[in-house]
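Dear colleague,

Please find below the structure that I am handing over to you.

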Amino acid sequence: MLNKTNALIYLLAFSSGFSIMGIELLGGRILAPYFGSSVHIWGSIITVFMLSLSFGYLLGGKLSINKPSLTKYGLIFLIASIMVLPIALFAEPIMEFIFAHVEDSRYGSLLASTALFFVPTIILGMISPYSVRLLVTDSEHSGQVAGGLYFVSTLGSALGTIITSFYMVLAFDVNTIIIGFASFIGCLGLLAIVIDSVANKEPVYA
């Protein structure tokens with residue numbers, strides 16, 4: 001039976017997958033005015049996201065070893081939220097600087113993708129392994145839990161791709177969507193911290 005804490009973790013994992021793919025998709029729109037939208041631009045974006053997610057999975061797994069808690073889990077979301085904001089706030093000057101100093105659009109787009117997305121995606125990548133650690137209570141069911149978690153997270157990624165590309169970009173500008181993702185991720189982190197705090201609060205007796 002799925003308890004409330006586990007349901008929250010699945011919800012947050014779903015939301016992180018949604019946000020990661022939404023931000024990755026918007027990366028193409030952010031880089032396009034300076035470097036175009038050819039296949040090597042998307043190759044740069046995908047490479048940076050895959051590398052940063054791999055580092056995030058590694059770091060998240062290591063972090064989960066030391067007294068995992070819902071509060072620490074929420075802090076990952078809060079840090080990710082803070083790291084995503086500079087994409088909206090500083091993308092333009094970063095793009096202009098790199099465009100002016102790197103002539104080859106292949107390497108320019110790779111450098112720009114790294115500058116904008118590498119750090120926030122590492123933090124977001126930490127969420128999946130930490131989620132698994134919080135959900136697994138015994139080794140016998142660890143494979144089943146991991147499979148369910150990655151199913152939920154990947155489903156979120158698919159919906160994030162569709163909703164961002166089909167609807168969000170038609171209704172809002174890119175910076176507004178990025179700020180919306182950052183705010184959404186931050187609110188989820190605060191929710192996890194508050195729920196953990198309430199659950200662990202000891203009753204006060206007169």
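Predicted model: local features only at pLDDT ≥ 70, side-chain atom pairs only at ≥ 80, totals over all residues.

The contact with α1

Helix α1 covers residues 4-35, and helix α5 covers residues 127-135. Their axes come within 10 Å and cross at roughly 170°. Angles over 145 degrees count as roughly antiparallel, and α1 and α5 are therefore roughly antiparallel to each other. The crossing in which α1 passes α5 is left-handed. On the α1 side, the contact is made by Asn-6, Ile-9, Tyr-10, Ala-13 and Ser-16. On the α5 side, Ile-127, Ser-131, Leu-134 and Leu-135 take part. Of the residues in this contact, 6 are nonpolar and 3 are polar, with no charged residue.

The contact with α3

Helix α3, residues 70-101, also packs with α5. Here the angle is about 165°, and the axes lie 11 Å apart. That angle makes α3 roughly antiparallel to α5. The crossing of α3 and α5 is left-handed. From α3, the residues Leu-70, Lys-72, Tyr-73, Ile-76 and Phe-77 meet Ile-127, Tyr-130, Ser-131 and Leu-134 of α5. This contact divides into 7 nonpolar residues, 1 polar and 1 charged.

Residues to look for in both contacts

Yours sincerely,
A colleague

Notes. Residues numbered from 1 in each chain as written. Heavy atoms only, no water. Axes fitted to C-alpha atoms, helices over the stretch in contact; angles between N-to-C directions. Helix = DSSP H or I, 4+ residues; strand = E, 2+ residues; numbered from the N terminus. Parallel < 35°, antiparallel > 145°, perpendicular 65-115°, else oblique. Left-handed = near helix turned anticlockwise from the far one by under 90°. Contact = heavy atoms within 4.5 Å. Nonpolar A, V, L, I, M, F, W, Y, C, P; charged D, E, K, R; others polar.
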